[in-house]
Amino acid sequence: MKKHIQLAKLYKGTEFFGYGLAVDGILLEQQVDTNISTKPNELPYITASFYLKEQQAENPIIIDLDQRETE
């Protein structure tokens, strides 16, 4: 099942704090920063950085892209 990212506007109280990425309305954890880039006649894009915990680096999941294409 595909999950689509959502651009989230972040607030602390009434003060705008920045942008983040969410899925199903839930902010993705471990975000360090996000940068939104725009160019004339192109769709805007976002670059996000995340902290990578030791366990995540040592034990990554495996996703077979060939298998996803046949679903």
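This is a predicted model: local features need pLDDT of at least 70, side-chain atom pairs count only at pLDDT 80 or more; totals for chains, interfaces and linings use all residues.
How exposed is Y19, in terms of relative accessible area? Y19 is partly exposed, at 35%.

**View 1. Three strands, β1, β2 and β3, form an open sheet.** The strand order is β1-β2-β3, and the pairing is antiparallel. β1 and β3 stand at the edges because each has a single partner strand. One side of β1 and one side of β3 are therefore left without a neighbour in the sheet. Strands of a sheet pair through backbone hydrogen bonds, in either a parallel or an antiparallel arrangement.

View 2. β1 covers residues 5-12 and β2 covers residues 15-23. The two strands run antiparallel and are joined by eight bridges. One of the positions to look for is A8, whose bridge partner in β2 is G20.

View 3. β3 consists of residues 26-27 and runs antiparallel to β2. Two bridges join β2 to β3. V23 has I26 in β3 as its bridge partner, and A22 is bridged to L27, also in β3. The hairpin of β2 and β3 has two residues between its strands. D24 in this hairpin takes a positive phi near 55°.

View 4. The patch is made by L7, Y11, F16, Y19 and I36. Its area is about 490 Å². β1 and β2 each supply at least two of the patch residues. F16, one of the patch residues, is found in strand β2.

**View 5. Y11, F16 and Y19 form one aromatic cluster.** The count of aromatic pairs comes to two. In the pair of Y11 and F16, the ring centres are 5.6 Å apart and the planes are at 70°, an edge-to-face arrangement. In the pair of F16 and Y19, the centres lie 5.2 Å apart and the planes are at 70°, so this pair is edge-to-face as well. The cut-off for edge-to-face is an angle of over 60 degrees between the planes. F16 takes part in the pair with Y11 and in the pair with Y19.

View 6. Y11 has a relative accessible area of 47%. F16 has a relative accessible area of 38%, and the value for Y19 is 35%. Each of these values falls between the limits of under 20% for buried and over 50% for exposed, so Y11, F16 and Y19 count as partly exposed.

**View 7. T34 makes a polar contact with the backbone of Y19.** T34 is found in strand β4, which covers residues 31-37. A polar atom of the T34 side chain lies 2.8 Å from the backbone oxygen of Y19. T34 counts as buried because its relative accessibility is 18%, whereas Y19 is partly exposed.

Note on methods: Residues are numbered from 1 along each chain as its sequence is written. Side-chain values use heavy atoms; hydrogens and water are left out. Two strands pair if DSSP finds at least two bridges between them. Helices (H or I, at least four residues) and strands (E, at least two) are DSSP runs, numbered from the N terminus. Patches are made of residues with over 30% relative accessible area and no salt bridge: like charges are joined within 9 Å, nonpolar side chains (Val, Leu, Ile, Met, Phe, Trp, Tyr) within 5 Å. Accessible areas come from the Shrake-Rupley method with a 1.4 Å probe; for residues, only the protein chains shown count as cover. A salt bridge is a side-chain nitrogen of Lys or Arg within 4 Å of a carboxyl oxygen of Asp or Glu. Rings of Phe, Tyr and Trp (its six-membered ring) pair if their centres lie within 6.5 Å; planes under 30 degrees apart count as stacked, over 60 as edge-to-face and the rest as tilted. Buried means under 20% relative accessible area, exposed over 50%, partly exposed in between (1.4 Å probe, protein chains only). A polar contact is a pair of N or O atoms within 3.5 Å; within protein, one must be able to donate a hydrogen and the other to accept it, and residues adjacent in sequence count only if both atoms are side-chain atoms.
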